[in-house]
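Colleague: I would like to learn how to read the strand pairing in a model like this one. Could you take me through it step by step?

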Amino acid sequence: MRTAAEIFAERLATQTDVADVRNAEPGSFVLVDSRSKQAWDQGHLPGAVHMPTTEIAGRAHEIEGAVVTYCWGPGCNGATRAALEFAKLGYAVREMLGGVEYWIREGFPLRTPTGDVTRIPDPLTAPATDACGC
């Protein structure tokens, strides 16, 4: 039987969250959006590469280094499926928990065809500030 420490260490080795992705050292991984082209065109994380899960086997060679996958949010397992495909190909890969939904809820920018947009952070998922941003 595995210990709690082993289980949690495994989760941390295969998952990350939006704040950790946002604060990561530039170039430490390639961020992969596994959603459809329509979803990508609607808005995606800055710096991400669009690679739907069905294209990973044929296009993974385009990526060097570690990978972080994401999709819509907690109700979507697209990032899990994409991470599995990269793992089967031998990549170091993590799934970003929360997906686009929590990225937006944290107040981080979303890249759209008309430019980057942000929302006020959701106080249920990010620290709240007063009107002055203090």
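Modeller: As a general idea to begin with, two strands pair if DSSP finds at least two bridges between them. The model here is predicted, and in it Val67 stands opposite Val93 in β5, a position within the pairing of strand β4 (residues 67–70) with β5, which run parallel and are joined by three bridges.

Colleague: Which residue stands opposite Met96 in β5?

Modeller: That residue is Thr16, and strand β1 (residues 15–17) pairs with strand β5 (residues 93–97) in the parallel sense, again over three bridges.

Colleague: How many bridges join strand β2 to β4?

Modeller: Four bridges join β2 (residues 30–33) to β4, the two strands running parallel, and Asp33 stands opposite Tyr70 in β4.

Colleague: In what order do the five strands form the sheet?

Modeller: The order is β1-β5-β4-β2-β3, in an open sheet with parallel pairing; its edge strands are β1 and β3 (49–50), each of which pairs on one side only.

Colleague: Which helix makes a β-α-β unit with β4 and β5, and is that unit right-handed or left-handed?

Modeller: The handedness of a crossover is read with the strands pointing away from the viewer, a clockwise path from the first strand over the helix to the second being right-handed. Here β4, helix α5 (residues 78–88) and β5 make a right-handed unit, and α5 lies across β2, β4 and β5, running at about 155° to β4.

Colleague: Across which strands does helix α1 lie?

Modeller: Helix α1 (residues 4–14) lies across β1 and β5, and runs at about 90° to β5.

Technical notes: Residues are numbered from 1 along each chain as its sequence is written. This is a predicted model: local features need pLDDT of at least 70, side-chain atom pairs count only at pLDDT 80 or more; totals for chains, interfaces and linings use all residues. Side-chain values use heavy atoms; hydrogens and water are left out. Contact means heavy atoms within 4.5 Å. Axes are lines fitted to C-alpha atoms, for helices over the stretch in contact, and angles run from 0 to 180 degrees between N-to-C directions.
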